[in-house]
Amino acid sequence: MEKDIIIFSAPSGSGKTTILKHLFEKNPELFNFSISATSRPKRDNEIHGKDYYFLTEEEFRKKLANNEFLEWEEVYNGTLYGTLKSEIKRIRSNNKIIAFDVDVNGGINIKKLFGDSAVSVFVMPPSVEELRRRLEFRATDSPESIAKRIERSEMELTQSKYFDYTILNDNIDIAVEQAQNIIQTEFKQIFLND
Ligand code: 5GP
């Protein structure tokens, strides 16, 4: 089966989104990103319909009741994140890699749903201390939110074994190079058709 899906998962603050940004810049025509829905408040630098579909918790739960989600998770207490089925229809097109940036459980679930057509990648931070430092430096989350993210990371770090690949994000350039090698190996047909 030809592969057309890549899933990136990691504890929050591992640098997964930064790696994806670099990959996207290196290969501007290659990816279609799945845009998730969330009940989390929008950060100042985020755009509705680009970074996320920002929904109220009520709107999110209504869609859940209507069976509109492919997968969803309560990633942090009371904060819902999920992939809408309509999103897959929107982005499935020939010769593009569908990219998911989801939490660790979401990554495992999406890999199960798509099986051999998906490649899953776990982005590993150098240490929990470094994670904390990065989250504090990013300054987009409250101390309470940072504490929740750190607490959750302990569980998430044990899950890397369920992924096809693990990338250690100690040095961003090396991590991006490893991600680039993975896509070139796994999606040969897309590169050849490029
Ligand atoms: P953030 O609040 O920092 O944007 O994201 C928090 C976590 O939720 C990240 O690990 C992110 O990858 C994850 N996430 C974002 N969208 C989804 C989704 O659609 N499904 C799941 N399961 N997790 C998601």
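Y162 is partly exposed in this predicted model, because its relative accessible area of 49% falls between the limits of 20% for buried and 50% for exposed. The residue is found in the loop between α6 and β9 (165–168). Apart from its neighbours within four places in sequence, Y162 is in contact with I108 and S120.

N109 lies in helix α4 and is partly exposed, its relative accessible area being 30%; the C-alpha atoms of N109 and T166, which are 57 residues apart along the chain, are separated by 17 Å. Q180 is found in helix α7, which spans residues 172–186, and with a relative accessibility of 11% Q180 counts as buried. When neighbours within four places in sequence are left aside, the contacts of Q180 are L23, K26, N27 and F191.

Backbone geometry draws attention to N67 and A139, neither of which is a glycine although each has a positive phi, about 65 degrees for N67 and about 55 degrees for A139. N67 lies in the loop between α2 (57–65) and β5, and A139 lies in the loop between α5 and α6. With a relative accessible area of 51%, N67 is exposed, and A139, with 59%, is exposed as well.

| Residue | Relative accessible area | Class |
|---|---|---|
| Y162 | 49% | partly exposed |
| N109 | 30% | partly exposed |
| Q180 | 11% | buried |
| N67 | 51% | exposed |
| A139 | 59% | exposed |
| F100 | 1% | buried |
| F114 | 15% | buried |

Turning to the aromatic side chains, a search of the whole structure finds 7 aromatic pairs. In one of these pairs, the ring centres of F60 and F69 are 4.5 Å apart and the planes meet at 20 degrees, so the pair is stacked. Both F60 and F69 are buried. The aromatic pair formed by F100 and F114 is tilted, with 6.4 Å from centre to centre and 35 degrees between the planes. This pair links distant parts of the chain, since F100 is in strand β7 and F114 is in helix α4 (residues 104–114), 14 residues apart. F100 is buried, with a relative accessible area of 1%, and F114 also counts as buried, at 15% relative accessibility. Elsewhere, F24, F31 and F33 form one aromatic cluster. A ring also takes part in an arrangement with a charged group, in that the charged end of R152 sits over the ring of Y76 at 5.9 Å from its centre.

The largest pocket has a volume of about 1,500 Å³, and its lining consists of 48 residues, among which T17, T18, D51, Y52 and D101 lie nearest the centre. Two or more lining residues come from each of α1 (16–26), β2 (31–33), β5 (69–76), β6 (79–84), β7 (97–102), α5 (128–138) and α6 (143–156). Of these elements, α1 gives the most to the lining, with 7 residues. By class, the lining of the largest pocket divides into 15 nonpolar, 15 polar and 18 charged residues.

The second largest pocket has a volume of about 230 Å³. It is lined by 14 residues, and those closest to its centre are R40, T79, D141, S145 and R149. At least two residues of this lining are supplied by each of β6 and α6, and α6 gives the most, with 4 residues. The lining of the second largest pocket comprises 3 nonpolar, 5 polar and 6 charged residues.

Note on methods:
Residues numbered from 1 in each chain as written. Predicted model: local features only at pLDDT ≥ 70, side-chain atom pairs only at ≥ 80, totals over all residues. Heavy atoms only, no water. 1 Å grid on protein atoms, 1.4 Å probe; cavity = no way out; pocket = protein on both sides within 12 Å on 5 of 7 lines; lining within 4 Å. Points joined across faces, edges and corners; volume = space filled by probe spheres on them. Nonpolar A, V, L, I, M, F, W, Y, C, P; charged D, E, K, R; others polar. Phe/Tyr/Trp six-rings, centres within 6.5 Å; stacked < 30°, edge-to-face > 60°. Buried < 20%, exposed > 50% of the residue type's maximum accessible area, 1.4 Å probe, protein only. Lys NZ or Arg CZ within 6 Å of the ring centre and 35° of its normal. Contact = heavy atoms within 4.5 Å.
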